[in-house]
There are 2 protein chains.
Amino acid sequence: MMKTLSTLQSARYYVKQAIQEQSHSIVVDATLGNGYDTLFLAQEVGMQGKVFGFDIQLLAVKKTTQRLKQEGLLDRVALFHAGHECWESFIPREYKNQINAVMFNLGYLPHGDKTIITHPETTLQAMGHACQWLAPRGIITIALYVGHEEGQAEVDHVTRFASQLPAKQFHVTWTQLLNRAGAPSLVVIERIK
Amino acid sequence: MMKTLSTLQSARYYVKQAIQEQSHSIVVDATLGNGYDTLFLAQEVGMQGKVFGFDIQLLAVKKTTQRLKQEGLLDRVALFHAGHECWESFIPREYKNQINAVMFNLGYLPHGDKTIITHPETTLQAMGHACQWLAPRGIITIALYVGHEEGQAEVDHVTRFASQLPAKQFHVTWTQLLNRAGAPSLVVIERIK
């Protein structure tokens, strides 16, 4: 095991810490994709936890549903075929201030249609919701893939948004892998109080 | 304890991991400053370990010597009043490929003379030595302070250098604190084989 982690390992490391502090966690997978993170989250939250998930692609919702079903974990998740900016229409208000972790993978669905990508406006809206609904000591991870045309613009938008979060309430790090061109970078937002 | 770490905590976290894997570690404090990292390193390497340290300011060498003496750890360290680019003139050749950790704090000596700062040419030379002498699984940490005029240029030089390290041999991360203007960022170089 290396001491420095890949972007994926690093994101899961932080989320795991946020989840383990709770007896039952409420978490959000803001971009289902192939459902790997959703499965990870469903396993981590335990029997009493709850995972909410969003994706604008029906294929992603289907793949994720199938993956969770295979593992017998479908009862812990609520998946929505909708953009993550519609967060407030789908996640019950009672969970405001109670969300322990939120994971974003920005870019396109790996092995999917590369013309369907996430867009800055909706991403920033969803990040805003995530920050507002996050529990104290909760974690938001945002993996940023640059392998598509709008990738760099998205990175700029997300890092600018994160830079403006109040330092008294949030601790925000941005980690890049310097010697791997095209590797995803990771923004981690921790609510410190 | 927060899940996301400050630059200083983060640097020490990685160095600690690299040191703990060894029964006796050989480490380098490339910039003594006030000697806090030197003391940390001397404590961590244990009785059989060795710390080499450099600083171009006599004040830094004196302060560090005093700090280590107070703690009774002076026998574990060899401090040089010389620039870290003179590495090869001071560290015995037998330690080539044996260095487990190297710490850099780039910028000026806190509470010292702010006109005496580290410079890109000598910094890059020392980073080159560090990469060449590092043991497999060894760690180099470089904290980058931007609170002086040449700070941004130094960040650019260091990150460019680190970006060019071969990906098969080194894993290189760069972590910035996004919402704290002027906070130091951290480059971590891990030799993976």
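This is a predicted model: local features need pLDDT of at least 70, side-chain atom pairs count only at pLDDT 80 or more; totals for chains, interfaces and linings use all residues.

Student: What makes the relation between chain B and chain A a two-fold rotation axis?

Tutor: Chain B is brought onto chain A by a rotation of 180 degrees, with 0.0 Å of shift along the axis and an RMSD of 0.0 Å. The two copies are therefore related as by a two-fold rotation axis. In chain B, the residue that comes closest to this axis is Thr175(B), with its C-alpha at 2.1 Å.

Student: How do you know that the copies meet through the same surface?

Tutor: Of the interface residues of chain B, 100% are interface residues in chain A too, so the same surface is used by both copies. Counting residues with heavy atoms within 4.5 Å, the contact takes 34 from chain B and 34 from chain A.

Student: What is the buried area between chain B and chain A, and which residues of chain B lose the most?

Tutor: About 3000 Å² is buried between the two chains, 53% of it on carbon and sulfur atoms. On the side of chain B, Lys3(B), Leu178(B) and Asn179(B) lose the most area to chain A, together 29% of what that side buries.

Student: Why are E6 of chain A and E6(B) called paired strands?

Tutor: Pairing requires at least two bridges, and these strands have 5, running in the antiparallel sense. The strands therefore meet the definition. One of the bridges joins Trp174(A) to Gln176(B).

Student: How many salt bridges and how many polar contacts link chain B and chain A?

Tutor: For polar contact, the rule finds 11 residue pairs across the interface, both residues at pLDDT 80 or more. E6(B) gives the largest share of the side of chain B that touches chain A, with 8 residues. By class, that side has 19 nonpolar, 10 polar and 5 charged residues.

Methods:
Residues are numbered from 1 along each chain as its sequence is written. Chains are lettered from A and ligands numbered from 1 in the order in which they are written. Side-chain values use heavy atoms; hydrogens and water are left out. Buried area is the accessible area (1.4 Å probe) that two parts lose on being put together, summed over both. A polar contact is a pair of N or O atoms within 3.5 Å; within protein, one must be able to donate a hydrogen and the other to accept it, and residues adjacent in sequence count only if both atoms are side-chain atoms. Helices (H or I, at least four residues) and strands (E, at least two) are DSSP runs, numbered from the N terminus. Ala, Val, Leu, Ile, Met, Phe, Trp, Tyr, Cys and Pro count as nonpolar, Asp, Glu, Lys and Arg as charged, and the others, Gly among them, as polar. Copies are superposed by least squares on the C-alpha atoms of residues with pLDDT of at least 70 in both.
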